Amino acid sequence: MLQIESVHKQFSTKVLFDGASAHLRPHSRVGLVGPNGTGKTTLFKMILGEESPDEGTIRKRPRLSIGYLPQELETITGKTALDAAHRDEYPEHEAKRILSGLGFSEADFSRPVDKLSGGYRMRVALAHLLLSNPDVLMLDEPTNHLDKPTQRWFEEFLLNSKLTLLVISHDTAFLDHIATHVWEIRDKTIQEFRGNYTKFRELRAARDSQLQAAATRQAKEVARVQQFVDRFRYQANKARQVQSRIKQLEKVKLIELQRDSKRVKFKFPLPSTSGRHVLDLQGVSKRYGEKVVYTSLDFSVERGQRVALVGENGAGKSTLLKMLAGVLPSDKGTRTVGHGVSLHYFAQHQAETLNPEHTILESLGEVSSTAETNFLRGLAGAFLFSGQDQKKPIKALSGGERNRVALARMLVEPANTLLLDEPTNHLDPASVDVLTDAMIDFPGTIIFISHDPTFLTRIATRVVEIEDGSARNFFGDYEYYLWKKAQEFDSIKESSEELGQKSREKDAGPTKAMAAQSATKSAAGDRRDLNKTQARLEKQVARAETEIAEHEMKIKERDQMLADPALYQEFSKWNGLHQEQDTWKKELERLTARWESLSSELAEVKQKLAAIS
């Protein structure tokens, strides 16, 4: 379908690809991963024909249709959401089905696209692509603007379709759910792996381990030969052997080990302490034309809280953050900033405000006339820009790299209150880790919006759910919030089931009494049936326990086999044994789940027997 063959691509002095090759197969779903700036978006542009390889070729099947969703969209004007999503040749009801799945209500179909939030404009473009049904669908960070229900729908849509996908994403959970293959841009090549993101990490670790072992063996052999050369270089009777070994060394192609990006520990500049009450909104209302977002909202934040604003897209999270930051006035109500409070606000599209001609260091220096160069260099290094990279112009950076610069600019001058709207969008995992660690250590107050569950779990100490113009508080971390929501869901489900049961009992009328009388007469028969069921379940439980023990023993023995260093020399054999072990582990999980289910059934049977005895 699409073949990348020995591609070389260079910008100025930076080589992105050198002999890169890969094959995109029909109906595969490929996640394209790698640190920011390694060339993911450039590869997309070469496939689309917007850039050309310096060397090598990209072959496409004749008449191959490609759909592309970029990180940033061009502004669409003069169209409603429904008009922009579908073309004449596609049925309107199919467009409505996809828009509904992407979180649009019936009323949203007729809203002008240019009046929608950035997230919803992205969804309109995505709906248009899904309806066009291309041979290859290329997506650049598609989940950045999707809430959880919409992302679940989107994942199901992709899994049920026959689309061939090539996806740039830093959302590892998304890649785990949808990817059949992973392409990693590493060491200027494209390394292909079969499986989802978790499987890719396992296989990459195994490959790195094998490469490390081979490099160690090679280094020892080179050192041994070099030692012979150094020892006998000037002895005439050894000249032939010395020359032979020198030629041997010249032919050796040294194994190069890929070094992962250095992990940098960064701390926010220490700000002055604010008063206890940081921000307060009273009786706030806000509307956009006919759309009412808030009617009378009260909202307050105290010092030291790390507040996560959650809720569906379009609920008003960004609007609330802007009003708290003072960059968007409310229609009614008051905003009070506490004593000694200093604010930094990071918007979703903050990177777009950067001067494209300035270097990274110049961009950081714009923020403060007093910051020392060494501090700015350290700050740039904390966001994974080191050495000569700090002198790159903004226009030469990828979307993720620009986002890192925008975040770094916010930290040049200390502030005790940070308001962040999707700060991890377009950031690779290493950058997210740096930012997360710094935020955990930050002594001030943070109010933020994020769809990243890992980021939410690590950062939030209070969760505020925005829904229908109200702000509902959950005073605990993100896991507490999820637990409370699960409890509420179960409670609603139980209430619904109870109402349904009462309704059925009411409709049954005399039939229920007759059934009860019949049940009393056949108690002996019930006891016999329950005894038979108990005996059957006990046998099944015992058999499951035996199978679980056998699998556990096999897995333990295979662990010992795989730990043998000699096996690393035969990667294909090691990989085959490892994959077989993975199959056993999945079967063990299935057996364990079955054992739990059977044990639960057995316990219920025993309770029923006890009740009629």
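**Helix packing and nonpolar cores**

The axes of helix H3 (residues 92-101) and helix H5 (residues 148-160) come within 9 Å and cross at roughly 130°; axes are lines fitted to C-alpha atoms, for helices over the stretch in contact, and angles run from 0 to 180 degrees between N-to-C directions. H3 and H5 are therefore oblique to each other, since angles under 35 degrees count as roughly parallel, over 145 as roughly antiparallel, 65 to 115 as roughly perpendicular and the rest as oblique. Helices are DSSP runs of H or I with at least four residues, numbered from the N terminus.

The model is predicted: local features need pLDDT of at least 70 and side-chain atom pairs pLDDT 80 or more, while totals for chains, interfaces and linings use all residues. Residues are numbered from 1 along each chain as its sequence is written, and side-chain values use heavy atoms, without hydrogens or water.

Where H3 meets H5, Arg97, Ile98 and Gly101 face Thr150, Trp153 and Phe157, contact meaning heavy atoms within 4.5 Å. H3 also packs against helix H4 (residues 118-132), at about 130° with axes 10 Å apart. Here Glu94, Ala95, Ile98 and Leu99 of H3 meet Ala127, Leu130 and Leu131 of H4.

Elsewhere, the largest nonpolar core has 42 residues, with Leu364 among those having the most contacts inside it. Such a core is a set of buried (under 20% relative accessible area, 1.4 Å probe, protein chains only) Ala, Val, Leu, Ile, Met, Phe, Trp, Tyr and Cys residues joined through side-chain atoms within 4.5 Å. Its largest share, five residues, comes from helix H12 (residues 399-410).

How values were computed: Buried means under 20% relative accessible area, exposed over 50%, partly exposed in between (1.4 Å probe, protein chains only). Helices (H or I, at least four residues) and strands (E, at least two) are DSSP runs, numbered from the N terminus.
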